Amino acid sequence: MHGISLISAPADWEILQQENGSAKVSLKGTYQVHPAAIDVGVAQAVPVVRVMRESDNMTVIPWIAAEKIDAGENFTGSFETSVTIPAGGLYRIETSLETRSTLPNLTWLYRGDCVLHLGVGDLFVIAGQSNSAGFGKDFCDDPPHLCVHLFRNRSKWDLACHPMNESTFGGSLPNEEMGIPGVSPYLSFAKTYYEITGRPVGLIQTSMGGSPMSRWKPRKGDLYGNMMDKIHQTGGKYAGILWYQGCSDTDPEPAAQYFQHFKEYVEAVRAELGYSIPVFTMQLNRQINGIHDECWGMVRDAQRRAALEIPDVYVLSTTNLSLSDGIHNSAPSNVALGKKLAKQCAHVLAGGEEYEAPALCEVQRVTDQEKAELKLTGEWLKLTFDHVKGCLQIVSSLGKDSGFTLEDSEGEVDILSIRANREDINNAYLELERAAGENVVLSFAWQADPIMLPMIDDVTFLPPLSFYKYPILRED
């Protein structure tokens, strides 16, 4: 074929990971002058490349000559070149063969292969189990967006749409679902992230419903291996991992080891990739009629601790999301979760406004002087939270509706009421049935099926992160 034929180039619909606002693209190909031009007379043939914006057909990078050209006979040959494309898109890469005639003032621009629907933005790996793979089966409005693309299980780039973990033409896949997946959080995530940052988003789906942490074990788990294969297939440089997993680890033995296993997973991925890729996680939501309440508490607390103790790990709460069945987030909840996650990622990766779930940072017994100032009587605890943007909004002031449980060496301490107010935005107060004694621990939203309407930050609409058996030191 005359003109330019590309033999190595980005794929149509591919998203390239931007670094410092751009991405370098390498192209290789062959060229051949049209026989009719040779009959007229050819003086020179040079492969050239340009970049066009698809939305308005404006030139982003004008025609530039290839950097390396190996010329053959009869004006045929091969070439290699690179072009640095600014973050954004969608773009079209065009190639052409600029051919100058032996006749004066006569040149031709011969046809060349194109790369279509290319974006330069941020790539995210989707990992975890069913709520990450997307099992919301009910109705929601979450259409595709031209600047959100998916590296499908068939190892081809495409426009992203639900269901993301379908396996058409995928062959034998470790993450092939037994059933039909539904709405994922991550299409909504990617669209919102694009709206905030202006960066197109590429998603790589590697999660699988029901997968325990053992299948994500570094260098041994089949899902870990599949994830790393997909990362290397798509260039190896990513903005972050989107991790939502843990329901299958809520038995006593895996729950006790969850923090260590997750830490090993994060450290192994970073060691293999050679950079500290950020990991964005979600605490578990709930299971209706679930068992092993304490194990759900342990896993959620491990997820909270991971964001505190492992660098560049972030976590969001999910316990105010509705379900579509006994354990899977509903489709509207997944859309809402995706938008929340996008705000957090935009804060971390693009300097956007802070978006974090309230996190308990201190628990104190309310002193007699504080009681007098607050007009309180009886026994009270003051809970102080980080990352409160508005105030802590409480649905019910009854202690049984608070989501908190308190224990000491004598057993459970009943919580009579909970209060918070707009003038004291970082604090909430728990009224106790009796004074807490020794070995006091406080828990929040920890059971398999915790409180349905926890208190929330009235700006971010995020509930506090769940925690389990948070120790309260007794004052002397």
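Where is L284 found? L284 lies in the loop between β15 (279-282) and α6 (293-309), where helices (H or I, at least four residues) and strands (E, at least two) are DSSP runs numbered from the N terminus. This is a predicted model, in which local features need pLDDT of at least 70 and side-chain atom pairs count only at pLDDT 80 or more, while totals for chains, interfaces and linings use all residues. Residues are numbered from 1 along each chain as its sequence is written, and side-chain values use heavy atoms, with hydrogens and water left out.

L284 is buried, with a relative accessible area of 1%, buried meaning under 20% (1.4 Å probe, protein chains only). Leaving aside neighbours within four places in sequence, L284 is in contact (heavy atoms within 4.5 Å) with residues including Y244, W296 and R300.

Strand β20 (residues 404-408) and β21 are joined by 3 bridges, and L406 has V413 in β21 as its bridge partner.

Another open sheet of 4 strands has the order β17-β18-β23-β22, again antiparallel. Because β17 (359-365) and β22 (415-419) each have a single partner strand, one side of each is left without a neighbour in the sheet. Between β22 and strand β23 (residues 427-432) there are 4 bridges, and R419 has Y429 in β23 as its bridge partner.

Methods:
Buried means under 20% relative accessible area, exposed over 50%, partly exposed in between (1.4 Å probe, protein chains only). Two strands pair if DSSP finds at least two bridges between them.
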